[in-house]
Amino acid sequence: EENVSAAKGVQGGYCFRAPVGTPLPDSPSWRPQPVYTLTADTDVDAAKTYYTKSGSGNTEKYTEVETPVKASLNTYYEKHTPWKNMGFITEDGEKWNVEVSTQEFVDQNGDTMDTSQSKYGEGFGCAFAETKAAPFESIYGKDAVTDKNGVLKVNHTGAEPDTWTYAFLFLLKDGRKWVRYAEKCKRTEITEYDTNSSTVVSWAANYKALKSETTGGYFVDLFESTETEAN
C-alpha cells in the first residue's frame with residue numbers, strides 16, 4: 001500500500017528548464033541550485049554582487065563580497081540561476097509517452113524465432129498555464145522571445161526549436177519525493193489551445209527526449225525508496 005500513490009507537483013515549482021550542459025539532478029531531494037562562475041569583468045560593476053569561493057567538494061562555499069576591489073576581480077565569482085521555473089501546469093498534468101517498435105524474425109513455418117527492438121523513444125506533453133517568457137522560449141525558441149521595457153514579445157517565426165534540459169519534481173504519498181529529468185528535450189508539436197471566458201489561457205506542446213550521452217538514456221527517475229535506507 002505504501003508504494004501506491006498519485007503524483008502531485010511540488011508546491012512552488014514542479015517543472016524546471018535549463019540549458020543543456022547544466023549539472024543534472026542527483027537525488028530525489030534535488031532542488032534547482034545556482035551556479036557560480038568566475039566573472040569576466042575587468043572593472044567592478046556596482047550593480048553586481050560578487051562572491052569569493054572557499055573549500056571544495058562538499059565543503060565548497062561562496063561568500064558575498066561586501067566591498068569588491070578591482071585588484072581582486074580575477075578571484076570573484078558571479079551567481080547564475082540556469083534553472084527556470086516553468087510555472088503552473090494545467091489540471092491534466094503531464095502526459096508521458098513511450099514509443100517502442102519490435103521486429104519479429106519468423107522461420108519458414110511461420111513460427112517466431114526471435115524479436116528485436118527496432119525503435120525506442122520517450123517524450124512528454126503538457127500545457128503551461130502562465131503567460132511568461134519561459135514557456136514561449138521552450139515552444140517557439142529563445143530567439144523568438146523578448147521581454148523588454150514592459151513588453152513580452154513572441155514572434156511566431158516557425159524556426160527550429162531549441163533543445164533544453166527538463167526536470168520535473170513530484171510528491172508521492174506521505175511526502176515521498178520523485179524527480180524525473182531528461183538532459184535533452186525538444187519541442188515537436190504545438191497543440192491547439194482555447195481562448196474564451198471560461199477556459200484558462202494555456203500554452204500546450206509536445207516534446208521529444210533525445211538520447212543523452214551523459215546518462216546513456218532518455219528520462220531518468222530518482223525515487224525515495226521504501227525498501228532501502230540512505231547511507
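Reader: How many aromatic pairs does a search of the whole structure find?
Author: This is a predicted model, in which local features need pLDDT of at least 70 and side-chain atom pairs count only at pLDDT 80 or more, while totals for chains, interfaces and linings use all residues. Residues are numbered from 1 along each chain as its sequence is written, and side-chain values use heavy atoms, with hydrogens and water left out. Rings of Phe, Tyr and Trp (its six-membered ring) pair if their centres lie within 6.5 Å; planes under 30 degrees apart count as stacked, over 60 as edge-to-face and the rest as tilted. Searching the whole structure on these terms gives 20 aromatic pairs.

Reader: What kind of aromatic pair do Tyr36 and Tyr51 form?
Author: Tyr36 is in strand β3 (residues 35-38) and Tyr51 in strand β4 (residues 51-54), 15 residues apart; strands (E, at least two residues) and helices (H or I, at least four) are DSSP runs, numbered from the N terminus. The ring centres are 5.3 Å apart and the planes stand at 75 degrees, which makes the pair edge-to-face.

Reader: Is Tyr51 buried or exposed?
Author: Buried means under 20% relative accessible area, exposed over 50%, and partly exposed in between (1.4 Å probe, protein chains only). Tyr36, at 22% relative accessibility, counts as partly exposed. Tyr51 has a relative accessible area of 11%, so Tyr51 is buried.

Reader: Which strands hold Trp96 and Phe124?
Author: The rings of Trp96 and Phe124 form a tilted pair, 5.7 Å centre to centre with 45 degrees between the planes. The pair ties together parts that are 28 residues apart in sequence, because Trp96 lies in strand β8 and Phe124 in strand β9.

Reader: What is the relative accessible area of Phe124?
Author: Ring pairs link Phe124 into a cluster whose members include Trp96, Tyr166 and Phe168. Trp96 counts as partly exposed, at 30% relative accessibility. Phe124 is buried, and its relative accessible area is 0%.

Reader: Which residues is Thr102 in contact with, leaving aside its neighbours within four places in sequence?
Author: Thr102 is in strand β8, and at 49% relative accessibility it counts as partly exposed. Contact means heavy atoms within 4.5 Å. By that rule, and beyond four places in sequence, Thr102 is in contact with Thr115, Ser116, Gln117 and Ser118.

Reader: How far apart are the C-alpha atoms of Thr102 and Gly123?
Author: Along the chain, Thr102 and Gly123 are 21 residues apart. Between their C-alpha atoms the separation is 18 Å.

Reader: Is Ser202 buried or exposed?
Author: Ser202 sits in the loop between β13 and β14. With a relative accessible area of 12%, Ser202 is buried.
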